[in-house]
Amino acid sequence: MKEIKLSYDAYRMEASCADGSMKDFFAPKFGKIPLDKWCNDFLIEVVKNENSNVCVELSALERDCETMEDAVEAYNEQNSDGFKITFKANIQKSIATNSNVSQKLKKLNDIYSRVKEDSCPFEELKNNANIDRNFQKAQDQEYEIAVVATMSSGKSTLINAMLGRELLPARNEATTATIAKIYNTNIDHYSATSYDADMNLLDSKDPLGLDDMNILNNNPNTAYINIKGKISGISTDGLNLILSDTPGPNNSRTKEHEKHTYKLIKDADYKPMVLYILNATQLEIQDDRNLLKDISEAMRSGGREGSDRFIFVLNKADEFDPEKGETIAKKIEDTKKYLEKEGIKDPKIFPCASRLAKLIRQDLNGETLSSKEKSSLRGDVALFVDEPNYHFSDFAPLSDSARAKINEQLKAAKEHNSEKEEALIYTGIPAVEAAISEHLEKYALPKKITEILHSFSTIVKNLEIEAKELSRLNSSKSKIEKTRKAINEINAQLSNGKKSDELKARIDALSVSDDVKRDLEKLTGKKTREFLDILTRKYKGNLPTNEAKIKIGILKNEIEEFGNKFAIDIEMLLNTKIGDEAGKYVDEYNRYVVDLVGSAFKHDVNPAAILGSLVTISFEADSSDYEETITEEVGTHIETRTRTVYQTKTKKVKKAQGGFFGGLMRGFGSIFGNDDWGYDEDYEEYEVPVNEEYDVEVTDYEKRKYVDLGRLAMDKGQEYFEKVTQHAQKLALEQSIEEERKLKNNFKEAFDAVNIAIQKKMDDLDAKLGSEKELEKAIEESNKKLVWLNNFETDIKKALVS
């Protein structure tokens with residue numbers, strides 16, 4: 001089996017094979033590009049070249065080895081050509097795992113500052129606004145940890161536990177209607193500024209306490225609160241960390257807040273960490289399901305990092321009684337099954353008791369607790385220390401290295417005989433913080449260092465190539481003549497403008513509209529299917545008018561929520577497409593100037609936020625159009641009625657005796673005046689009418705109005721959703737055309753400026769080559785530049801490994 005030994009420097013984004021192969025693969029297209037952008041193409045190229053089974057051995061950071069491992073697994077699953085790829089990882093230690101990351105970053109900053117000194121021999125570095133901007137952008141880059149939850153999950157309590165103080169309101173009702181961002185600083189106290197939806201300053205508090213936060217949060221105009229203070233539980237060395245408290249969908253003050261939460265979940269480029277807080281006592285609520293569906297999609301499409309950035313916190317895990325069979329192990333398993341049912345594979349579930357963690361840290365920080373809190377603290381600390389079922393840190397899905405750090409903390413707590421510190425670890429909050437710190441170390445810090453280096457390393461490398469080429473001209477008359485001839489050809493081409501016009505024509509021929517239109521149609525079809533599925537599942541049958549109006553309100557909110565999400569999806573789609581378009585321009589430009597200049601053109605695209613007007617499409621449905629009046633049974637009542645019945649009675653009657661004797665006796669009776677002679681006494685029944693009352697159960701009927709909710713939802717819901725999507729597509733296409741127009745104009749302006757610079761460079765080089773004295777001077781300067789560049793590169797290497 002052929003072995004391909006590949007090494008990848010994540011900080012410089014440089015890859016190479018040990019045997020020197022695959023150079024043609026990396027050089028033209030995949031140089032200075034992150035591994036995850038080319039690993040799939042690399043595997044296809046390897047198999048094509050070798051035409052056999054291969055083993056790829058990668059020496060790289062853990063995150064990149066995992067990315068390549070996933071790519072190998074996907075290749076083997078998707079390809080049935082008979083060839084298989086095996087994978088072996090040689091994991092390099094990240095510089096972030098060493099101590100003093102901030103010191104390394106400071107050294108890089110000091111090294112970069114040397115390019116601004118007079119001793120720097122390169123004007124291209126000293127006076128380059130693009131490099132300054134990109135370097136500062138990399139330095140100032142923020143990394144966000146978004147805490148997301150539905151109502152009553154204990155989100156604010158968890159954040160307070162991480163801060164070690166009562167700062168965010170945490171009452172028994174929804175409290176986070178604003179977006180609060182906590183910016184990590186080294187200052188021990190907290191301060192805050194509040195803003196309205198247009199980012200106009202409303203108020204400021206310094207120092208900041210709970211009462212101050214209530215004042216800021218209770219202002220109905222407050223949309224954003226920016227807080228500055230220390231986030232002490234998370235290792236943030238070298239990072240500008242933000243802890244973001246986001247409103248849940250059932251407690252957002254504005255639709256923009258809903259969009260913010262959705263964007264944090266979906267944004268595959270920004271990739272913030274997301275702590276999703278689940279209420280252990282209230283799983284499987286509808287608001288959770290809606291958010292979890294979005295998270296599931298983001299995890300499936302974001303690769304290993306996209307999945308790793310989501311942590312599920314099972315909050316309020318201490319409210320179960322293990323002695324009644326309510327063990328935390330069973331609850332974690334139930335939660336895992338619930339999340340997997342929502343499409344989330346292998347979720348990382350951390351059980352926590354955030355309230356206890358908050359109280360312990362408040363007490364350790366010297367904050368005053370109420371009598372009730374003190375009593376609760378004493379009992380819970382003893383319970384968590386003595387009862388293994390409450391050792392939540394033991395159930396946390398930590399890596400070996402993170403587990404070792406937690407064990408060290410636990411060992412130290414026991415050595416200090418501090419039950420509070422020991423119980424704090426068992427609450428599970430330090431385990432969550434350890435997982436966050438590890439993620440930052442694994443992804444965020446290498447990314448920051450890479451971007452700092454990349455802000456100036458490419459131009460430095462190209463300047464080195466240029467200096468070396470000039471040095472090689474020394475004492476080579478044929479090479480000098482050949483170069484001068486090339487310069488004349490270049491100047492001729494620049495003068496007649498033919499190649500420039502051809503490039504501009506190619507740029508004009510490029511169009512993003514077709515790609516945008518195609519992807520918009522795919523996105524719209526996907527969203528329409530999802531929405532119709534909701535309509536058919538949730539809105540069906542006949543409902544009384546009042547109930548139907550409530551359902552219509554819910555339907556209206558769902559359409560608006562879909563519109564918000566659709567807007568974010570389109571915004572991200574346009575950012576991607578415009579970015580791809582800019583990349584094509586850069587490719588065209590590089591092909592034009594790669595052999596002529598020492599620095600490459602770079603065009604930045606910063607698409608503005610768009611499609612805010614989507615939410616102005618209102619949804620109104622007149623339920624009377626779908627009403628019908630139905631006479632229906634609504635109940636019964638008892639009525640008393642009168643009826644005639646016949647009763648049987650008995651009376652005495654005389655019955656004539658039969659025979660001769662009877663007749664004789666009746667004759668004597670008539671003579672002697674006795675009517676009874678000749679008769680026997682008998683009884684006879686007869687009926688008499690009688691009125692009587694009786695009760696009867698009577699069925700009640702009533703005419704009621706019902707709404708055919710299923711028909712209304714399909715007619716009106718689909719109608720208005722189509723309006724949303726049609727309006728969105730129209731705006732998106734218009735925006736893409738406008739962005740493309742600006743992009744092309746900016747490119748052409750930059751290109752014309754570069755042509756002028758190229759011509760000046762060619763004239764300067766020709767003048768140097770035309771004079772032996774000037775050439776000697778230029779070569780001497782080039783040699784000095786090479787020494788400076790060599791020292792510069794050496795210092796960078798020392799800064800990274802020290």
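These are my notebook entries on a predicted model of one protein chain.

**Entry 1: ground rules.** I number residues from 1 along each chain as its sequence is written. The model is predicted, so I take local features only at pLDDT of at least 70 and side-chain atom pairs only at pLDDT 80 or more, while totals for chains, interfaces and linings use all residues, and side-chain values use heavy atoms, with hydrogens and water left out.

**Entry 2: the whole chain.** I looked up the overall make-up and found 24 helices and 16 strands. Helices (H or I, at least four residues) and strands (E, at least two) are DSSP runs, numbered from the N terminus. Of the 802 residues, 44% count as buried. Buried means under 20% relative accessible area, exposed over 50%, and partly exposed in between, with a 1.4 Å probe and protein chains only. Among contacts with a separation of 6 or more, residues 24 or more positions apart account for 79%.

**Entry 3: strand 1 and its partners.** I count two strands as paired if DSSP finds at least two bridges between them. Strand 1 (residues 2-9) pairs with strand 3 (residues 54-61) in the parallel sense, over six bridges. In that pairing, Ser7 stands opposite Ser59. Strand 1 also runs antiparallel to strand 2 (residues 14-17), with four bridges joining them. Asp9 has Glu14 of strand 2 as its bridge partner. The hairpin of strand 1 and strand 2 has four residues between the strands, and in it Met13 takes a positive phi near 55 degrees.

**Entry 4: rings.** Rings of Phe, Tyr and Trp (its six-membered ring) pair if their centres lie within 6.5 Å; planes under 30 degrees apart count as stacked, over 60 as edge-to-face and the rest as tilted. By this rule I get seven aromatic pairs. One of them is Tyr8 with Trp38, edge-to-face at 5.9 Å centre to centre and 70 degrees between the planes. This pair links distant parts of the chain, 30 residues apart: Tyr8 sits in strand 1, and Trp38 in the loop between helix 1 (23-30) and helix 2 (39-50). Both Tyr8 and Trp38 are buried. I then checked Tyr390 and Phe392, whose ring centres are 6.1 Å apart with planes at 50 degrees, so this pair is tilted. Tyr390 and Phe392 are both buried too. Back at Tyr8, ring pairs link this residue, Trp38 and Phe42 into a cluster.

**Entry 5: helix 7.** Helix 7 (residues 155-163) is mostly covered, with nine of its nine residues buried. The buried residues include Lys155, Asn160 and Leu163. Gly164 follows helix 7 and has a positive phi, near 80 degrees.

**Entry 6: helix 15.** I checked the length of helix 15 (residues 400-415): its 16 residues should span 22 Å at 1.5 Å a residue, and its end C-alpha atoms are 22 Å apart, which agrees. The expected span is 1.5 Å times one less than the number of residues. Its buried residues are Ala402, Arg403, Ile406, Leu410 and Ala413. On the face turned away from the buried side I find exposed Asp400, Glu408 and Glu415. Asn417, after helix 15, has a positive phi near 55 degrees.

Technical notes:
Contact means heavy atoms within 4.5 Å.
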